[in-house]
Amino acid sequence: MDLKETEISTKEAFHGGFINLHVETVMLPNGKTASRELVDHRPAAAAICINDEKKMLLVTQWREAIKQLTLEIPAGMIDASDVSPLDAMKRELNEEGGLKAEYWEKVAEFYTSPGFSNEKLHLFYCNTLSPVANKLDLDEDEFLTAEWYSLEELKNLLTEGKIVDAKTIYAISVWENMLLTGSEG
């Protein structure tokens, strides 16, 4: 059976600064029609940042959508001024951690929530970290703190339900797998 849905029409419901919402009417594989509420979202970059003490950098910030503080890996949207996803991540690491890295490795690209959004996340791994000479300011509406966590601490935070961000949960799993297989950069 062909599972593809075919777009019949689309109507924009909202046009924002970094997301657009639209409703599509699609033809289903069985010939019936259905509506799909979809979010167009700019791509983003995130990083597994590991220091010399084998600890991962996480930032704590308020997330209004879920009305709580979250622990997350450094991340941010790819801006028009960024040459590449890695360029965006280097800027974000400077802004959020005041750091730069000598070693970078692309780990994965994935869609954060493909049931309703086309946001693609580019995930990197970096180490050989050092402070930047010129720290960039956070965005005007961005407030966060940064802290380092060992793998054991991260696993405990996961068990306690204190890490709820999907990209961060995935990043911890990737880092643990890198350590187990000896493939850490």
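## Tyrosine 170 and its partner

Let's start with tyrosine 170, which counts as partly exposed because its relative accessibility is 35%. This comes from a predicted model. Tyrosine 170 forms an edge-to-face aromatic pair with phenylalanine 110, with 5.1 Å from centre to centre and 70° between the planes. Phenylalanine 110 belongs to strand S8 and tyrosine 170 to helix H3 (residues 166–181), so this pair ties together parts that lie 60 residues apart in sequence.

## Another aromatic pair

The structure holds three aromatic pairs. One of them joins tryptophan 104 and phenylalanine 124, again edge-to-face, at 6.3 Å centre to centre and 85° between the planes. Tryptophan 104 sits in strand S8 (residues 99–111) and phenylalanine 124 in strand S9 (residues 120–131), 20 residues apart.

Are these two residues buried or exposed? Tryptophan 104 counts as buried, because its relative accessibility is 15%. Phenylalanine 124 is buried too, with a relative accessible area of 5%.

In soluble globular proteins, nonpolar side chains tend to be buried together. Here, the largest nonpolar core has 22 residues, and those with the most contacts inside it include Ile48, Met56, Leu58 and Trp175. Which elements supply at least two residues each? They are strands S4 (44–49), S5 (55–63) and S9, along with helices H2 (151–159) and H3. Helix H3 gives the most, with five residues.

Now zoom in on leucine 58: among the residues it touches are Leu71, Ile73, Tyr149, Leu154, Ile163 and Thr168. A second, separate core has 14 residues, including Ile78, Met89, Leu99 and Phe124.

Definitions and conventions
Residues numbered from 1 in each chain as written. Predicted model: local features only at pLDDT ≥ 70, side-chain atom pairs only at ≥ 80, totals over all residues. Heavy atoms only, no water. Phe/Tyr/Trp six-rings, centres within 6.5 Å; stacked < 30°, edge-to-face > 60°. Helix = DSSP H or I, 4+ residues; strand = E, 2+ residues; numbered from the N terminus. Buried < 20%, exposed > 50% of the residue type's maximum accessible area, 1.4 Å probe, protein only. Core = buried A, V, L, I, M, F, W, Y, C linked by side-chain atoms within 4.5 Å. Contact = heavy atoms within 4.5 Å. Lists of a residue's contacts leave out its neighbours within four places in sequence.
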